[in-house]
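Hello,

Here is the structure we talked about handing over. Please have a look at it, then read the notes below.

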Amino acid sequence: MDTASILQRVLKGETDAYASVVAQHQTAVWRVVVSILHDHEKSRELVEQAFVEAYLSLDQFDSSRDFTLWVKGIARNLVREELRRKTRESKRLEVYREHVLARLNAGEEEENAREDELRASLARCREKLPEQSARVLNLRYQQNKGFDEIATEIGRTVDATRQLLQRTRVGLKECIDRSMAQA
Amino acid sequence: MSRVSELTFLLLDGATDDAERRELERLVVDEAAAAREHIALMELEGALLAEQRVDVTRETMQRIADVAGSTTGQRVMDRIKQQPRPAWKKNSGIQKPVTGSSARVSGMQPKVSARRSRARRATPASFAPWIGIAAAVALIVGVALFFSRSQNGNATEAVATLISAASDARIVRGGRSISAEAGEGLFANDQLSAGSAGVARIEYADGSMVELAAKASANLLDGDANASKQVKLTNGALSARVAKQSGKPFVLSTPHATATVIGTQFELAVDAGSTRLDVNEGRVRIERASDAKSVIVDGGFFVVASANQDLVARKIGSDAVVVTPPVVTPPVPTVVEPAVPAFGIVAFHLVDTSNSQPIRGFSPLQDGAVLELRALPKGLTLTVVTNPKEVGKIIFDVDGKKSFKDEVDPPYSLSANWIDKTTGQDRFNPWTLGVGKHTVTATPYESNKANAKAGAALTVRFEIVK
């Protein structure tokens, strides 16, 4: 069943049906939030909040529109608030926060296109990684493991594991730079 | 590997010390190339993290259950009371409102000038416990429009409005801690912490004001059979100016005592073992929690409620005669929070003109917000919250155009507004702002005269995209 039909059911009182909407769209919203905040727990909280706010305003949503874009817009505004809150708490290392806020203000379409391009480049570059690098990357980012655990799994010291991950990320960045320049 | 890359990785991996953070900061501030490198690595980290799969469905639905109350049971019902209800649920008939049908009141506060005299629907006396709530949300122009009404004017759970707060003030709502922003509606069971940098001021519809001192915390509770409004001070100190209450009193409590107020000005401070009440004007009845003994405290007198001293009112300034040491908590500062002007604009709110309701996530409207038209209602306008709630005139400057619009009567909105004769509600015309970046400044004036003194203006920048 498509999202619009499910949302109609939700509006008629089937609150539980909203779970499938969350399940269907949460990855897109998660990407928006965590890619900026880098904070797993805070990102989870904001993703939940975005869907709750969407639910609270569901009567305002035009079902002919793209629900993903709508809820991503809500999420981006929550991210903006969070970045401003962090800036109020500490002015340190705010270069990245300022950059992100400027990027977000550039508009939703540009931001969505930029995200898609970066994700596609990253996918291409990950395919080219040596096996050990790919494994470390997977353990760190897909499985959310700490350096101690990763070091144990790959049979290296923690320092060597950190260095391997650093080299892997540098290599990925260079590959992505080349890929996006060609695009 | 460059030094900036090395430091950025250490930062991302949570392995930097203070010196390394300072070094990284210097590098990215002083060198544009270093800043680009740092940002690129931060973005790569974000892209890598975004590949991770998460499932927040269960948690999200639990939070929505808190709002929607789709199941029975006291726990769920309690949590529902901690959350604002979605506007579309209030009158849909899908679910019986938590507050019961008796919560349906028409409590909008009359407007100023000619609008003041227009009759509103009467509120049945049996709905008295809810009058305070409905009236509370009606006090602050703009906030009232956002949080107090559904399409046919029902009351909501918003009990008061946060007028000002320090930057580190927080609200715990439904088990979650959120930033406390000026202009926010406050709901029953919200726990407000004033933060360390300044006071937090709460205003009720009847003009009653509660000011939490820095570092103080309080719970806002619904009115009940014995109280029109309730505040529970859990930590620190507060001062209050309570407007004359009709019927039920305003009740402020601490772990040691309960102060029952009909209308007065006083200060309340709590520490680990005692509560001190200083009454500046009027009269307050205070009841000690440990033995239910009570005493009436007149203006100019104070009392300390604790287990180890008599509950006796004493003249303020005669602390030396108190048997036990006076409470440690310092008196509540009386200065006005500097972040909110004594006379000025507090916040902008974005309104859906189809129902005159606030749009969540955009109220208050944050500076730098992006308004995506396809994701928003078709008719939009801006209103402002002022302090005090009514001013002589508001002038809106839009995109450099001075006096784009003048507003004399509340609600103060960027587009024209009028009263719907059928419902008695304020209605708004949609604005005419197009796609692009906009800057709106609202300036309040003490009167409508040409030489009227201006108050503190507020500017918001936002972008409208398709």
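Chain B has an accessible surface of about 18,900 Å², and 52% of that surface belongs to carbon and sulfur atoms. Areas come from the Shrake-Rupley method with a 1.4 Å probe; for residues, only the protein chains shown count as cover. This is a predicted model, in which local features need pLDDT of at least 70, side-chain atom pairs count only at pLDDT 80 or more, and totals for chains, interfaces and linings use all residues. Residues are numbered from 1 along each chain as its sequence is written, chains are lettered from A and ligands numbered from 1 in the order in which they are written, and side-chain values use heavy atoms, with hydrogens and water left out.

More on chain B. It holds nine helices and 27 strands (DSSP runs numbered from the N terminus: helices are H or I, at least four residues; strands are E, at least two). Of its 466 residues, 57% are buried (under 20% relative accessible area; exposed is over 50%, partly exposed in between; 1.4 Å probe, protein chains only). Take contacts in chain B with a separation of 6 or more: 54% of them join residues 24 or more positions apart. A contact means heavy atoms within 4.5 Å.

One sheet in chain B is open, with three antiparallel strands in the order β19-β18-β21. β19 (357-358) and β21 (380-387) of chain B are the edge strands; each has a single partner, so one side of each lacks a neighbour in the sheet. Strand β18 (residues 344-352) of chain B is joined to β19(B) by two bridges. Pairing requires at least two bridges found by DSSP. Opposite B:Pro358 in β19(B) stands B:Val351.

Now chain A. Its mean pLDDT is 86, and 96% of the residues score at least 70. pLDDT is the predictor's confidence in each residue, from 0 to 100.

Helix α3 (residues 40-56) of chain A is largely enclosed by the rest of the structure, because 14 of its 17 residues are buried. A:Asp39 caps the N-terminal end of α3(A), with a side-chain oxygen 3.1 Å from the backbone nitrogen of A:Glu41.

A:Ser35 sits in helix α2 (residues 18-37) of chain A. Its relative accessibility is 12%, so A:Ser35 counts as buried. Leaving aside neighbours within four places in sequence, A:Ser35 contacts A:Trp30, A:Tyr96, B:Gly46, B:Ala47 and B:Ala50.

Best wishes

Notes: A polar contact is a pair of N or O atoms within 3.5 Å; within protein, one must be able to donate a hydrogen and the other to accept it, and residues adjacent in sequence count only if both atoms are side-chain atoms.
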